[in-house]
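Subject: Structure for you to look at

Hello,

Here is the structure I promised to hand over. Please open it first, then read my notes below.

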Amino acid sequence: MSVIYLLITVSIIVAIIFLVAFISAVRTGQYDDDYTPSVRMLFDDEVKKNPNKLIQTQKEKQKSI
């Protein structure tokens, strides 16, 4: 029974160590994304469908018929 208490104590200590390591990594900016903002401008010119323009072209086609 004492082994269970030892294992629970050790697992809680390890979990606390990982939590502290994660929090310190987040505070120091380890997970900040520096690459995506510089590349995002390359993909801004993708063609976006404009539903209003589609409706206007359909109305113009109907008028010409």
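First, a term. Rings of Phe, Tyr and Trp form an aromatic pair if their centres lie within 6.5 Å. Keep in mind that this is a predicted model.

How many aromatic pairs does the structure hold? It holds 1. The partners are Phe-22 and Tyr-31, with ring centres 5.9 Å apart. Their planes meet at 45°, so the pair is tilted.

Are the two partners buried or exposed? Phe-22 is partly exposed, at a relative accessible area of 45%. Tyr-31 counts as exposed, because its relative accessibility is 57% and the cut-off is over 50%.

Now the overall fold. The protein has 3 helices and 0 strands. Read from the N terminus, its elements run α-α-α.

Next, the surface. The protein exposes about 6800 Å². Carbon and sulfur atoms supply 64% of that area. Of the 65 residues in the protein, 3% are buried.

There is also a nonpolar surface patch of about 740 Å². Which residues make it? They are Met-1, Ile-4, Tyr-5, Ile-8, Ile-12, Ile-16 and Val-20. Take Ile-4 from that list. Ile-4 sits in helix H1, which covers residues 2-27. Its relative accessible area is 44%, so Ile-4 is partly exposed.

Best wishes

How values were computed: Residues numbered from 1 in each chain as written. Predicted model: local features only at pLDDT ≥ 70, side-chain atom pairs only at ≥ 80, totals over all residues. Heavy atoms only, no water. Patch = residues over 30% accessible without salt bridge, like charges linked within 9 Å, V, L, I, M, F, W, Y side chains within 5 Å. Areas by Shrake-Rupley, 256 points an atom, 1.4 Å probe, with all protein chains shown as cover. Salt bridge = Lys/Arg side-chain N within 4 Å of Asp/Glu carboxyl O. Helix = DSSP H or I, 4+ residues; strand = E, 2+ residues; numbered from the N terminus. Buried < 20%, exposed > 50% of the residue type's maximum accessible area, 1.4 Å probe, protein only. Phe/Tyr/Trp six-rings, centres within 6.5 Å; stacked < 30°, edge-to-face > 60°.
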